[in-house]
Amino acid sequence: MSTFITYIWVAIGGALGSISRYWLSGMVASTYGDTFPLGTLIINILGSLVIGFFYTFTGPDGRIIASSDARVFVMVGLCGGFTTFSSFSLQTLNLMRDGDFLRAGLNVVLSVALCMLFVWLGHVAAVALNHMK
């Protein structure tokens, strides 16, 4: 029975993450336009921050010990539904097919560099909170 419940938590988290991604991506596109996949970039940065923070803050050495279902809900469900690596890949391919190699390269470099930075920032923030009294 507990395995079934875990799948339910993943499904709920995935649904919430996907809805959030759809909303945020649309909001960014309507605000800034869609010639550059800024919404996808922002989503992947935020998802990296959340997973880096949550993994560290709720892990074995974390300030809060979360259940395995809570960790799966956030890291697999919510972050998995929210982040958009497949969208990133398709949008980058489309930029390349359109001959816009500068924006395609910029999207790759910014996505990798900023997501690595923000997963590290999430980790650092959680480590700092873990050590607070």
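This is a predicted model: local features need pLDDT of at least 70, side-chain atom pairs count only at pLDDT 80 or more; totals for chains, interfaces and linings use all residues.
Q: Where is L46?
A: L46 sits in helix 2, which covers residues 38-57.

Q: Is L46 buried, exposed or partly exposed?
A: L46 counts as partly exposed, because its relative accessibility is 35%.

Q: What does L46 touch, leaving aside neighbours within four places in sequence?
A: L46 is in contact with L24 and F82.

Q: And how far is L46 from C79, C-alpha to C-alpha?
A: Those C-alpha atoms are separated by 9.2 Å. Along the chain, L46 and C79 are 33 residues apart.

Q: Switching to N44. Which helix holds N44?
A: N44 is found in helix 2.

Q: Buried or exposed?
A: N44 is buried, because its relative accessibility is 8% and the cut-off for buried is under 20%.

Q: What does the side chain of N44 reach?
A: It reaches the backbone nitrogen of T84, at 2.8 Å.

Q: Which residues is N44 in contact with, again skipping those within four places in sequence?
A: T83, T84, F85, F88 and C115.

Q: New topic: at what angle do helix 4 and helix 5 pack?
A: About 155 degrees, with axes 7 Å apart. Helix 4 is residues 85-97 and helix 5 is residues 101-130.

Q: So what are they, roughly parallel or roughly antiparallel?
A: Roughly antiparallel, because the angle is over 145 degrees.

Q: Which residues make the contact?
A: Helix 4 gives F88, T92, L95 and M96. Helix 5 gives F101, R103, A104, N107, V108 and S111.

Q: How many are nonpolar, polar and charged?
A: Six are nonpolar, three polar and one charged.

Technical notes:
Residues are numbered from 1 along each chain as its sequence is written. Side-chain values use heavy atoms; hydrogens and water are left out. Helices (H or I, at least four residues) and strands (E, at least two) are DSSP runs, numbered from the N terminus. Buried means under 20% relative accessible area, exposed over 50%, partly exposed in between (1.4 Å probe, protein chains only). Contact means heavy atoms within 4.5 Å. A polar contact is a pair of N or O atoms within 3.5 Å; within protein, one must be able to donate a hydrogen and the other to accept it, and residues adjacent in sequence count only if both atoms are side-chain atoms. Axes are lines fitted to C-alpha atoms, for helices over the stretch in contact, and angles run from 0 to 180 degrees between N-to-C directions. Angles under 35 degrees count as roughly parallel, over 145 as roughly antiparallel, 65 to 115 as roughly perpendicular and the rest as oblique. Ala, Val, Leu, Ile, Met, Phe, Trp, Tyr, Cys and Pro count as nonpolar, Asp, Glu, Lys and Arg as charged, and the others, Gly among them, as polar.
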